[in-house]
Amino acid sequence: MISLLARRGLILLCVALLAGCDTIVLNPSGDIAAQQSKLIVISTLLMLIIIIPVIFLTLFFAWRYRQSNTSAKYDPEWDHSTKLELIIWGAPLLIIIVLGMLTWISTHTLDPYRKLSRLDENRPLAANVKPLVVEVVALDWKWLFIYPEQGVATVNELIAPVDVPVHFRITASTVMNSFYVPALAGQIYAMPGMETQLNAVINKAGTYDGFSANYSGAGFSDMRFKFHGMTQENFNQWVQTTKAEKLNLNRAAYLEVEKPSIKDPVRRYGSVDADLFHAILNRCVGADQICMDKLMSMDVNVKPVSKANEKAVSMLAQNQQAARGSDAEVCTTPPVTIGK
């Protein structure tokens, strides 16, 4: 048997380990994440209304009707109680109804595509406030952030001013990924050839962790970045400092950045091609590739096939082959550059 001292030591050890847990999900710094954390707490408490009594009654009946307790009433003919039936079925039904209402309301309120209507629970958002647009690209195995209105870009570093709504446009270069900053909002998937969106706001200045929440290959564990929330003045200064960088993120530079690599250092680009995100999204960064949106607009399945459309179909096949590479490359890990 374990001694009393050993049991107390184990309890203290568990408490000490729990003290080191990061509770950012339940104590975030962004309004969307804060609303999501409240939803988690409310849902948990509602479920505990059933879980705690069930655990208690299980232990109570095991003790009350133990073999050695000869004073407990034994009634082998008992088979029904209306009161117990009402409690057993009524309480869970009410909880399910409440959870259903919460799910319906929160699903619409916290829709990532929905524009923000407030900065936090005490401050509504003015209708004329323009959000900061950030274009996010999940690469192997790093993150690219493009600021189209500021004309700058970064690798593995995300910056946003406090109390300013941010509109994220998210895609991926190769495989499916997931963009997640726990302090800001819930995770949003990033998929090649598709665009997802997220509207969020950070309410406290600070440095927060961001990472990929979807396994994507060899460098997944190191696919992390820092998210910096700062004042508008500091953000403006950061933009001007970044503009002074000599690196230019044009299409040729992007094709180099896109190559698989692990533990990439932070990089800042002082200028960016205006249509780069559109080209990444539509799989046409290369000069000889046709963009998916243009190709789909040709509608070759309805109109008579012309020589121009035949060429477009041929280019689509080349696009797909260039994106996939050889069959062997799909099943093996490509050459990887590991940063220091």
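The model is a predicted one, in which local features need pLDDT of at least 70 and side-chain atom pairs count only at pLDDT 80 or more, while totals for chains, interfaces and linings use all residues. Numbering starts from 1 along each chain as its sequence is written, and side-chain values use heavy atoms, with hydrogens and water left out.

**Overall make-up**

The protein has nine helices and 17 strands. These elements are DSSP runs numbered from the N terminus: helices are H or I runs of at least four residues, and strands are E runs of at least two. Of the 340 residues in the protein, 36% are buried. The accessible surface is about 21100 Å², and carbon and sulfur atoms account for 63% of that area. Such areas come from the Shrake-Rupley method with a 1.4 Å probe; for residues, only the protein chains shown count as cover.

A contact means heavy atoms within 4.5 Å. Among contacts between residues at least 6 apart in sequence, 67% join residues at least 24 apart.

**The second largest pocket**

Rolling a probe the size of a water molecule over the atoms shows where empty space is left. On a 1 Å grid over the protein atoms alone, a pocket is an open set of points where a 1.4 Å probe fits, with protein on both sides within 12 Å along at least five of seven lines; lining residues have an atom within 4 Å of a point. Grid points are joined across faces, edges and corners, and a volume is the space filled by probe spheres set on the points.

The second largest pocket holds about 390 Å³ of space. Its lining consists of 17 residues, and V54, L57, L84, I87 and I88 lie nearest the centre. Helices α2 (31-64) and α3 (82-109) each supply at least two residues of this lining. The largest share, seven residues, comes from α2.

By residue type, the lining of this pocket comprises 12 nonpolar, three polar and two charged residues. Here Ala, Val, Leu, Ile, Met, Phe, Trp, Tyr, Cys and Pro count as nonpolar, Asp, Glu, Lys and Arg as charged, and the others, Gly among them, as polar.

A disulfide is a covalent bond between the sulfur atoms of two cysteines. Here it is assigned to a pair of cysteine sulfur atoms within 2.5 Å, and the count by this rule is one. The bond links C284 and C291, with an S to S distance of 2.0 Å. Both C284 and C291 are buried. The torsion about their S-S bond is about 75°, so the disulfide is right-handed.

R283 lies in the loop between α6 (276-281) and α7 (292-297). R283 has a positive phi of about 60° although it is not a glycine, and it counts as partly exposed at 24% relative accessibility. G286 is found in that loop between α6 and α7 as well, but G286 counts as buried at 15% relative accessibility.

**Other backbone features**

K263 also has a positive phi of about 60° without being a glycine. K263 sits in the loop between β14 (261-262) and β15 (267-269) and is partly exposed at 44% relative accessibility. The peptide bond from D140 to W141 is cis, with omega near -10°. W141 belongs to the loop between β3 (132-139) and β4 (142-147).

**Residues paired across the sequence**

F179 lies in strand β8 (residues 177-181) and counts as buried at 1% relative accessibility. Leaving aside residues up to four places away in sequence, F179 touches a set of residues including V136, W143, F145, L158, F211 and F225. Q240, in helix α4 (residues 232-243), counts as exposed at 52% relative accessibility.

| Pair | Apart in sequence | C-alpha to C-alpha |
|---|---|---|
| F179 and F211 | 32 residues | 6.5 Å |
| G206 and F227 | 21 residues | 8.2 Å |
| Q240 and G270 | 30 residues | 8.8 Å |
| G286 and L255 | 31 residues | 8.2 Å |

Key
Buried means under 20% relative accessible area, exposed over 50%, partly exposed in between (1.4 Å probe, protein chains only).
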